[in-house]
Amino acid sequence: MQNRPKPADLLDQLRNFPLFATVEEEALKWLIERGEYLLHPKDTYLFSSGDPVDHMQIMLRGSYVIRREQDGRKRELGVWKAPNITGVLPFSRMTSATAEAFILEDVEVLQIHRNCFTEMVNVNYGLVQILVSVMTDRVRDFQQMRLMDEKLMALGKMSAGLAHELNNPASAMVRSSQELHKHLGATPERFKEIVTMRVDRDMVDKVNAVLFERIKSRGAGDELSLMEREERSDDLIDWFEDNDIDDADEMVDTLIDWDFQPEHLNEIAEAVPEDAVPSLLWWIETNLTTEGLVGEIQTASTRIADLISSIKSYSHMDSEP
């Protein structure tokens, strides 16, 4: 900050100041007489948080950015440019700065100490009224900025929460779709085994009855404890071994997920020729796996749709203008 001689055209500068358009010349001369003319160089601070505020500053040239610390980080509240009035104003209760002003361009100000405000009332009350209106506008603007800041903070928290909530179903969709793509690669071979089987309509109906009954029980296997699943697995593996069917381990987990028990496998085995049982069981396992993966994708996509719908409802995005 540097004290400077008051420029010869200072009165003209004040006359051209938009806020002072209706102020009498005598009042402007009084401002010049009572004020100090200062230069605040670029890349310095006009004021810092916590600094005492004892002057009204009529900014005639330059610009600065106001920053306020919040949650350990400095946030920019906006850029103020000349012509402008900052600092304390008549009837204001401001005593210290709650933010900092970093100068972007050299700032030249005419500043008047608050001790002169009582005299100002007697010199020109119209000038006081103008400055009070500046204070009112300033309070309104900062209220709006604070409200906007609160909304942005709430939006940030909501966005972070939404991103977290979307991550799980989105990851589930990606994982399930990848598994489905991999799984479908084995389907043609299973299909070929099925179409070469010698089964009639009645056999198909009996197998379908068992299959669709198990599909309705989807999720029952998830309710089993680890020990119960192990017991169910042992029972199914024993059944496969008793019926001379290889590679049982590859389909047991899927059958348990759909609550298959040895009696269900017996129903299928009794419904079709003995040589068709292995291929038929592999076909069933393939369909159940596909059904499960599609179900997981559907559940995840429904979850995402519900989250988006909730956010739209909360933010009134669908309200009529």
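Predicted model: local features only at pLDDT ≥ 70, side-chain atom pairs only at ≥ 80, totals over all residues.
**Entry 1: the pocket**

I looked up the largest pocket and found a volume of about 1100 Å³. I then listed its lining, which comes to 41 residues. Nearest the centre of the pocket I noted T86, G87, M94, R138 and F142.

Helix 4 gives the most, with nine residues.

I also sorted the lining by class. I count 22 nonpolar residues, eleven polar and eight charged.

**Entry 2: helix 6 and helix 9**

I turned to helix 6 (residues 201-216) and helix 9 (residues 262-271), which pack with their axes 9 Å apart. How do the two run relative to each other? The angle between them is about 165°. Angles over 145 degrees count as roughly antiparallel, so helix 6 is roughly antiparallel to helix 9. I recorded the crossing of helix 6 past helix 9 as left-handed.

I then wrote down the residues that make the contact. From helix 6 they are M203, K206, V207, V210 and R214. From helix 9 they are H264, E267, I268 and A271.

Last, I sorted this contact by class as well. It has five nonpolar residues, one polar and three charged.

Notes: Residues numbered from 1 in each chain as written. Heavy atoms only, no water. 1 Å grid on protein atoms, 1.4 Å probe; cavity = no way out; pocket = protein on both sides within 12 Å on 5 of 7 lines; lining within 4 Å. Points joined across faces, edges and corners; volume = space filled by probe spheres on them. Helix = DSSP H or I, 4+ residues; strand = E, 2+ residues; numbered from the N terminus. Nonpolar A, V, L, I, M, F, W, Y, C, P; charged D, E, K, R; others polar. Axes fitted to C-alpha atoms, helices over the stretch in contact; angles between N-to-C directions. Parallel < 35°, antiparallel > 145°, perpendicular 65-115°, else oblique. Left-handed = near helix turned anticlockwise from the far one by under 90°. Contact = heavy atoms within 4.5 Å.
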